[in-house]
Amino acid sequence: MEKTELAEMMQARSNIYRLLDRLFRREVDETFLEVLRSIAAEDAHLPDTAAARASLRKALSSDSQDILTDFAVDFARIFLGAGIAQGTVAYPYESVYTSRDQLVMQDAYEKVLKIYRRHGITKTEADLYEDHISLELEFMAFLCDEAVAFLEKDDQASFEENLKEQRNFFKEHLAWVFNFTETIREVAGDSIYSSAADILDGFIEEEKQLLS
């Protein structure tokens, strides 16, 4: 693959990582709603199925009088457990899916924190632990952006080291995503986050093939 094609691929991957990061980071606001509507209306490539795209369009075309409030209620119920005394919650933290007792701030948290610090990265939201799905997706976007910069400087050695780190981080810290999205679908019903889970699944599967 030519350098220009590689750079374009890395940039495209970064864009999708950042889109998914935003989807799971916080509630949909007016600005992001317009982004989602634009994406749903276009034929631009997204790592999803036709069914996922159709369900996304359906969720976005709701005739609700306050669609943003509906999305916010769904977000709080699905990911924070708001209003749920008992039942399943799709907590968006790697530790919950990889630790024996399914608790936050376990080994995965410690490992990604060290990785971020090594790269000089600090989180901006105090209420998110470092192994939150959005922060892990954001870190992969960071690595993709870094790869583009290495390509532009013709720094092949650094580019290859970057690819190695992408593979390692993906293998060590994103394998849990399929369990996360399965849990989302258990509790999301026909909300926008069921569509988001399908899109995330599709992208992670593509990345798994690419980085293997």
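Mentor: This is a predicted model. To read a residue's surroundings, we list what it touches beyond its neighbours in sequence. Leaving out residues up to four places away in sequence, Ser14 touches Ala141, Cys144 and Asp145.

Trainee: Where is Ser14 found?
Mentor: Ser14 is part of helix α1, which covers residues 3-25.

Trainee: Is Ser14 buried or exposed, and why?
Mentor: We judge that by relative accessibility, and the cut-off for buried is under 20%. Ser14 has 1% relative accessibility, so it counts as buried.

Trainee: How does Asp70 read on that scale?
Mentor: Asp70 has a relative accessible area of 34%, so it is partly exposed. This residue lies in helix α4, residues 67-80. Sequence and space can also be read side by side. Asp70 and Glu27 are 43 residues apart in sequence, while their C-alpha atoms are 10.0 Å apart in space.

Trainee: What should I know about the inside?
Mentor: The general idea is that nonpolar side chains tend to be buried together in soluble globular proteins. Here, the largest nonpolar core has 54 residues, and Phe24, Phe180 and Ile184 touch the most other members. Helix α10, residues 192-211, gives the most to this core, with nine residues. Another core, of nine residues, lies apart from it; among them are Leu6, Met10, Val148 and Phe150.

Trainee: Which residues does Phe180 touch?
Mentor: Not counting residues up to four places away in sequence, its contacts are Phe24, Phe79, Ala90, Tyr91, Pro92, Tyr97, Ile133 and Leu200.

Trainee: How do I read the protein's overall size?
Mentor: Compare its radius of gyration with what a compact globule would have. For 212 residues that would be near 17 Å, and the protein has 18 Å, which agrees. Its C-alpha atoms fill a box of roughly 50 × 40 × 30 Å along the principal axes. Of the 212 residues, 47% count as buried.

Trainee: What about the surface and the charges?
Mentor: The protein exposes about 11,200 Å², and carbon and sulfur atoms supply 50% of that area. For charge, count both kinds of side chain: there are 23 positive and 42 negative ones. The centres of the two sets lie 4 Å apart.

Notes:
Residues are numbered from 1 along each chain as its sequence is written. This is a predicted model: local features need pLDDT of at least 70, side-chain atom pairs count only at pLDDT 80 or more; totals for chains, interfaces and linings use all residues. Side-chain values use heavy atoms; hydrogens and water are left out. Helices (H or I, at least four residues) and strands (E, at least two) are DSSP runs, numbered from the N terminus. Buried means under 20% relative accessible area, exposed over 50%, partly exposed in between (1.4 Å probe, protein chains only). Contact means heavy atoms within 4.5 Å. A nonpolar core is a set of buried Ala, Val, Leu, Ile, Met, Phe, Trp, Tyr and Cys residues joined through side-chain atoms within 4.5 Å. The radius of gyration is taken over C-alpha atoms; the globule rule is 2.2 Å times the number of residues to the power 0.38. Accessible areas come from the Shrake-Rupley method with a 1.4 Å probe; for residues, only the protein chains shown count as cover. Lys and Arg count as positive and Asp and Glu as negative; His and the chain ends are not counted. The place of a charge is taken as NZ of Lys, CZ of Arg, CG of Asp or CD of Glu.
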